[in-house]
Amino acid sequence: MVKPALVQLIIAQLPLKPNGIHGIFHWARVFENGRRLAGETAARMDVIEYFALLHDSRRFHDGGDYQHGPRAAEFTAGLREDWIDLDENGFSLLLEAIRGHTDGRCEADATVQTCWDSDRLDLMRVGIAPHPARLCTAPAREPDVIAWASRRALDNWIAHETLEGWGIDWRAWAEI
Ligand SMILES: [Fe+2]
Ligand SMILES: [Fe+2]
């Protein structure tokens, strides 16, 4: 279970604005995309939740910062003991998902693939339609799923239940 204090710690150290295109609203949609896929991919939701919160935590800018995956994995490794409640297998899946999410590849465990798809399904927030050939799991390639996620991405949909579950005062960030 994710501790709200971890969420605050992640936000406090962000190099970028928490309400930007790689910030809290994106993270919450990634988590909910993952929840939609996980029923069919049998992915581990505990891993997806930490992935959603941490994968973009060490971006230095909103452009092609291709090293932000490895940097976030290094940051996550340092949080392992005090903050991350996963067994060894779950933690190694989490590190792989975070480290590799900037590579654009697909060969991986179903949980890792589901993490990557959950992130890619939110690409319409920056005007990029997710291409089925770049998605790793069958449910993510479903036209209905792409359309659903893309609509939410385009609207910068606020996944408020998820944000509240993480203890984020999303109203304060939505108004800025
Ligand atoms: Fe990223
Ligand atoms: Fe992302």
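Author: Start with exposure: a residue is buried under 20% relative accessible area, exposed over 50% and partly exposed in between, with a 1.4 Å probe and protein chains only. At 37% relative accessibility, Val 126 therefore counts as partly exposed. This is a predicted model, in which local features need pLDDT of at least 70, side-chain atom pairs count only at pLDDT 80 or more, and totals for chains, interfaces and linings use all residues. Residues are numbered from 1 along each chain as its sequence is written, chains are lettered from A and ligands numbered from 1 in the order in which they are written, and side-chain values use heavy atoms, with hydrogens and water left out.

Reader: Where is Val 126 found?

Author: Helices (H or I, at least four residues) and strands (E, at least two) are DSSP runs, numbered from the N terminus. Val 126 is in the loop between α6 and α7.

Reader: Is Arg 125 buried or exposed?

Author: Arg 125 has 18% relative accessibility, so it counts as buried. This residue also belongs to the loop between α6 and α7 (138-141).

Reader: Which residues is Arg 125 in contact with?

Author: Contact means heavy atoms within 4.5 Å. Leaving aside neighbours within four places in sequence, Arg 125 touches Ile 21, His 22, His 26, Arg 29, Ala 153 and Leu 154. A polar atom of the Arg 125 side chain lies 2.6 Å from the backbone oxygen of Ile 21.

Reader: Which residues coordinate the iron ion (ligand 1)?

Author: Donors are N, O and S atoms within 2.8 Å of the metal (3.2 Å for Na, K and Ca); water is not among the atoms, so sites may look incomplete. For the iron ion (ligand 1) they come from Asp 56 (OD), His 68 (NE2) and His 101 (NE2), at 2.0 to 2.2 Å. Asp 56 also bridges to the iron ion (ligand 2), and the two ions lie 3.7 Å apart. His 68 lies in helix α4 (residues 68-83) and His 101 in the loop between α5 (88-100) and α6 (110-120), so this pair ties together parts that are 33 residues apart in sequence. Both His 68 and His 101 are buried.

Reader: What volume does the largest pocket have?

Author: On a 1 Å grid over the protein atoms alone, a pocket is an open set of points with protein on both sides within 12 Å along at least five of seven lines, and lining residues have an atom within 4 Å of a point. The largest pocket has a volume of about 570 Å³. Its lining has 25 residues, of which Arg 59, His 101, Asp 119, Arg 120 and Leu 123 lie nearest the centre.

Reader: What is phi in Ala 42?

Author: Most residues other than glycine have a negative phi. In Ala 42 phi is positive, near 60°. Ala 42 sits in the loop between α2 (24-41) and α3 (45-54) and is exposed, with a relative accessible area of 62%. Asn 156 also has a positive phi, of about 50°, and is not a glycine. Asn 156 is placed in the loop between α8 (143-154) and α9 (160-165) and, at 40% relative accessibility, counts as partly exposed.

How values were computed
Polar contact = N/O pair within 3.5 Å; in protein donor to acceptor, adjacent residues only side chain to side chain. 1 Å grid on protein atoms, 1.4 Å probe; cavity = no way out; pocket = protein on both sides within 12 Å on 5 of 7 lines; lining within 4 Å. Points joined across faces, edges and corners; volume = space filled by probe spheres on them.
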